[in-house]
Amino acid sequence: MSVKNRMEKFKQYGESLPQAKVYFRQDWGVYYFDIMGKMFGMMSPEQTEKAIITLKNDPAKNEELRELYPDVIIPGYYANKKHWNSIYLASPALTEEEICNMIAASYQLVVCKLPKKLQAQITKEDKK
């Protein structure tokens with residue numbers, strides 16, 4: 001799958017998560033993955049070999065992924081390197097499904113940090 005198709009798929013997947021929005025954030029120059037005003041991901045706007053998606057994960061899992069995919073997953077670009085990884089989208093080393101699972105994990109980690117009232121709102125929306 002081309003970088004362009006992968007990027008479209010990831011934007012669509014991000015938007016499919018309850019209460020999530022994916023939009024171009026002009027001031028940062030990235031596609032911003034947003035849940036209730038909190039970032040759960042960001043992605044390069046250019047469809048090039050250097051395009052990346054940056055996602056949150058457990059620090060131990062981030063280390064493990066960087067060791068498994070040293071040329072594909074790097075410490076988060078412009079993000080806390082302990083909690084965020086950046087993934088090169090041109091590499092076929094990770095499937096679309098694997099990256100979608102990482103998007104879901106990032107989303108879940110951010111949702112868990114939201115106030116209980118907002119979490120309940122998301123849960124209620126998800127059950128519709």
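This short talk covers the aromatic rings of one structure and the charges over them.

A word on the source: this is a predicted model, where local features need pLDDT of at least 70, side-chain atom pairs count only at pLDDT 80 or more, and totals for chains, interfaces and linings use all residues. Residues are numbered from 1 along each chain as its sequence is written, and side-chain values use heavy atoms, with hydrogens and water left out.

I start with the rings. There are 6 aromatic pairs in the structure. Rings of Phe, Tyr and Trp (its six-membered ring) pair if their centres lie within 6.5 Å; planes under 30 degrees apart are called stacked, over 60 edge-to-face, and the rest tilted.

Another is Phe24 with Tyr31, which is edge-to-face, at 5.6 Å centre to centre and 70° between the planes.

Tyr32 is buried, at 6%. Tyr23 is partly exposed, at 33%, and Phe24 is partly exposed too, at 35%.

Last, the charges. A charge sits over a ring if NZ of Lys or CZ of Arg is within 6 Å of the ring centre and within 35 degrees of the ring normal. Lys11 lies over the face of Tyr31, 3.9 Å from the ring centre. Arg25 has its charged end over the ring of Tyr32, at 4.9 Å from the centre.

Technical notes:
Buried means under 20% relative accessible area, exposed over 50%, partly exposed in between (1.4 Å probe, protein chains only).
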